[in-house]
Amino acid sequence: MIACALVMGLATSAAAAPAGDPIAGKSVFAKCAPCHSVIADQNRIGPTLSGIVGGKAGTVTNYAYSPALKASGIIWTMPELDAYLANPRARVPGTRMFFAGLSKAEDRANLIAYLAKPQ
């Protein structure tokens, strides 16, 4: 009975989180591309986003992060990325990222899917 409830809970959780489409996410990334790259070691105004999924916030080499982001302790899991991309300044007050955020959950899910495996 407990095992069944756990399985049902996992199925519900998985269904609630949109999987995201990396191809559609590449189009969403066009909003990020003026400041960010997905190529390793290629920082722009913002740091490279290569390998960001699962990484620790504020740790890309040769990039000067805000003290707030460096001290955040965030690990860029999919839920953390979703929260940050929805409203960066609300998630990390003091961040230097001036982007207002992505209001559509579908855009955030697609972008995260793309960042997980850039194509």
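A polar contact is a pair of N or O atoms within 3.5 Å; within protein, one must be able to donate a hydrogen and the other to accept it, and residues adjacent in sequence count only if both atoms are side-chain atoms.

The model is predicted, so local features need pLDDT of at least 70 and side-chain atom pairs pLDDT 80 or more, while totals for chains, interfaces and linings use all residues. Residues are numbered from 1 along each chain as its sequence is written, and side-chain values use heavy atoms, without hydrogens and water.

First, His36. It sits in the loop between helix H2 (22–29) and helix H3 (67–70); helices here are DSSP runs of H or I, at least four residues, numbered from the N terminus. A polar side-chain atom of His36 lies 2.7 Å from the backbone oxygen of Pro47. Leaving out residues up to four places away in sequence, His36 touches Phe29, Arg44, Gly46, Pro47, Leu49 and Met97, where contact means heavy atoms within 4.5 Å. His36 has a relative accessible area of 12%, so it is buried (under 20%; exposed is over 50%, partly exposed in between, with a 1.4 Å probe and protein chains only).

Next, salt bridges: a side-chain nitrogen of Lys or Arg within 4 Å of a carboxyl oxygen of Asp or Glu. The count is 2. In one, the closest N and O atoms of Arg91 and Glu80 are 2.9 Å apart. That pair links helix H5 (residues 88–91) to helix H4 (residues 78–86), 11 residues apart. Glu80 is partly exposed at 22%.

In the other, Arg108 pairs with Asp82 at 2.7 Å, joining helix H6 (residues 105–116) to helix H4. Arg108 is buried at 10%.

Technical notes
Helices (H or I, at least four residues) and strands (E, at least two) are DSSP runs, numbered from the N terminus.
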